[in-house]
Amino acid sequence: MNWALSIFYYIVTVLVVLVYGLLLYAFIAKTMARVQGRIGIPIYQPFLDIIQTYGRRTAVTHGYMFDLGPVFRLTGGLGTLAFIPVIYGSEIFGNFHFAGDLLLVMYFIFFGQLGMALGAGESGHPYAPMGIARGLAQMTAFEVPFALAVIAVFMQYETASITEIVAAQQGSIYNWTLFTNPFAVLAAMFAFLGMSMYPPFDLVTAPNEIPIGPPTEYHSAYLSLLQTNRAIFAGAKLVLFMNLFFGGATNLPIMVLKTWAIYMIPVLIGVAFPRFKVENSIRFFLGVPTLVGIIAVLYMQYWGTV
Amino acid sequence: MNKQDKNPGNNRENLIKLENAGLTAEEQQLFCDAVPVPYEPYSLEFVERFHNWIRANSLWVLAFGTGCGAIELNPLMTSRFDANRFGVMMRPTPRQASVLIVAGYSSVKTLKRIIRSYEQMQGPKFVIGLGICTINGGMYYDSYNTINCLDRYIPVDLYITGCMPRPEALLAGFMELKRKIKAGECDGANRYVKDFDWYKANQKKVIKKWDMPDYNW
Amino acid sequence: MGYAGLQLVNTMFMQELCERMTRQFDCDQVMHQKDDLSFLRVDRDRLESALMYLKTHEGFVHLSFVTVIDYIEDGFFRLNYMLYNYDKATNIGVQVDITRENPSMHSIHHLWAQGWTYQRELKEMYGIDFPGSPRVDEEFVLEGWDGIPPMLREFDTAKFCEDRFAKRDGRESQDIKQTMRDNLYPERGES
């Protein structure tokens, strides 16, 4: 396979994941509206919002870092997606997988947040650094159970390649990491709650206290980039979790079904719980989830079977 | 702060600087002193029409309650009225909002904040005057501290009269605003820039403590 | 003890209190408005000691509000300090008359910490000075007010609005009573 073709396939993947991420967002918003007895947004509303922000006539910049913030953020999203095989065994959705891609993906998850922190810090709005401080503190906390879960997965499959991890889970539903290594999945799903910005852990953007945190000053085309990244990054994270813990997907309908089911977990928890403060959130992640992560590693070390 | 200009042809007016006389010398260093310029629509007509359709169907309202009418904005999002289905969303920051609703009377002190918020919004931007107080003062027409005609201070695209109008009236107002946006009649930001001196003179006539830049970029 | 009993006790308490106050602080006028509301009028320089006595000895620990009435015809302001007694559930208003020329009054912010907020408001709205009160010269509600204080009775609001704010043509005022009688309840109209 030559380079041009694989880049073309990658672009196709990005577009598919973008459309899927936006539709997923609208679908969840619509579902919640129906639960509340409303009609809710049209299913195409996120697309209109992106074009609307892109079509603004004016834009104000606060400096070079401010310009680069959304670019870094989008790079984080695209980079995360670039090394995750969206559909196992597919040539188009296989992406640039290689032997150690899981490590690189974990770095890319961090990368966007750090870039955004630099950009939003230059915007000069006091709510932006508050949101960043909260976001980075919380991210550091939920990264602990997530890293422990990933280490347990490394030990279980003795590889750092996502494709091989998916390959090892094929054949039967009982080959999924969910059943072969339940502690790691539990720890990782705790971390996923923190990643997905739904109510118990949505203190970064907390619309009622620090209007929307880091992107307070972002507008027009900047915001358009951020909205695009939000969809891509959400899609990439869902696919990563599906690959690592839920057996991957061999075709598109299975991928849609599994990622939708994974996405519903933070949504359902989100509608039932109020927002944590940052100190509660950090204590939570460093408590039970970290303990479960340590148990997962010990379990793999002493009782695990490959 | 610098201004990023999508229409480089208009740059010649940037040579004139705002005075920013209300600020101290130290503060003047911190604020942008460029003069706002009018923005032309897209040169291709169908592109502009497409964008107007998008703008009409994705109205982001600044959640800024300026008066008693702000209480009428909250039910809009509830299941009874559900403005979300028309693409109306609340945004907490003026940078991202495209619709400013001045809800009811506005005192001179609030007018200052309204102007700051309006100028920080990114065009095209639309203003709805909600309630009789924004039109001719309403029951506060002879109060020493409330303005009477809102459209002398910021350009208003749509008035909804009543004291207070119910949320249904506000929804009808949104429908009318959508019709006007689709027809390309809402160019308040450009009117504001073209009659900049007139608007500023009116604003400075009532706001005596002008401790902000002449245009809040 | 029923309501009537409480009323009787309150009335007696207030009457005795007013008598004590009259003896001690030389109140020149006492007015029993209701069972649980009385007004005393004291001298300008005895206000602080009267309030201090009421707070420390008579249980009026709560300052409800401070207001002023502008008696422009007689040339004085009448300040009202409204106190509340939680144990007896009674109010007492202490009134002071101060002259309209160079109006100034002793500050009570050392008795009730919230007092300086009221005094700041009175300074802005009526121009009454309270020397020593914290932040009394800062603007309270109005920003950049450049005329005489707006709540004074010599301030002509209608003329000020005409000068400052634009009027829109087409506005008409109606007699509310007549309009309601004609349009809303024609059958109930009086002669």
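Predicted model: local features only at pLDDT ≥ 70, side-chain atom pairs only at ≥ 80, totals over all residues.
Trainee: How many helices and strands does chain A have?

Mentor: Helices (H or I, at least four residues) and strands (E, at least two) are DSSP runs, numbered from the N terminus. In chain A there are twelve helices and one strand, and along the sequence they follow the pattern α-α-β-α-α-α-α-α-α-α-α-α-α.

Trainee: What is the radius of gyration of chain A, and what would a compact globule have?

Mentor: The radius of gyration is taken over C-alpha atoms, and the globule rule is 2.2 Å times the number of residues to the power 0.38. For 306 residues the rule gives a value near 19 Å, and chain A agrees with it at 19 Å. Along the principal axes, the C-alpha atoms of chain A fill a box of roughly 60 × 50 × 45 Å.

Trainee: How much of chain A counts as buried?

Mentor: Buried means under 20% relative accessible area, exposed over 50%, and partly exposed in between (1.4 Å probe, protein chains only). By that rule, 55% of the 306 residues of chain A are buried.

Trainee: How many residues does each side bring to the contact of chain C and chain B?

Mentor: Contact means heavy atoms within 4.5 Å, and here chain C brings 23 residues and chain B brings 27 residues. Buried area is the accessible area (1.4 Å probe) that two parts lose on being put together, summed over both; for chain C and chain B the figure is about 2,000 Å², with 52% of it on carbon and sulfur atoms.

Trainee: How many salt bridges are there between chain C and chain B?

Mentor: A salt bridge is a side-chain nitrogen of Lys or Arg within 4 Å of a carboxyl oxygen of Asp or Glu, and the count between these two chains is four. In one between B:D151 and C:R168, the closest N and O atoms are 3.3 Å apart. On the side of chain C that touches chain B, helix α4 (residues 157-164) gives the most, with five residues.

Trainee: Where do the two partners of the salt bridge between B:E48 and A:R57 lie?

Mentor: The closest N and O atoms of B:E48 and A:R57 are 2.9 Å apart, and the pair crosses between chains, from helix α2 (residues 45-57) of chain B to the loop between α2 (45-54) and β1 (59-61) of chain A. B:E48 counts as buried because its relative accessibility is 9%, and A:R57 counts as buried at 15%.

Trainee: Is the pair B:D187 and B:R191 buried or partly exposed?

Mentor: B:D187 is partly exposed, with a relative accessible area of 33%, and B:R191 is partly exposed at 31%. Their salt bridge has its closest N and O atoms 3.9 Å apart.

Trainee: How far apart in helix α4 of chain C are C:K159 and C:D163?

Mentor: They are four residues apart, which means a separation of about one helical turn, and their side chains meet in a salt bridge of 3.4 Å, N to O.

Notes:
Residues numbered from 1 in each chain as written. Chains lettered and ligands numbered in written order. Heavy atoms only, no water.
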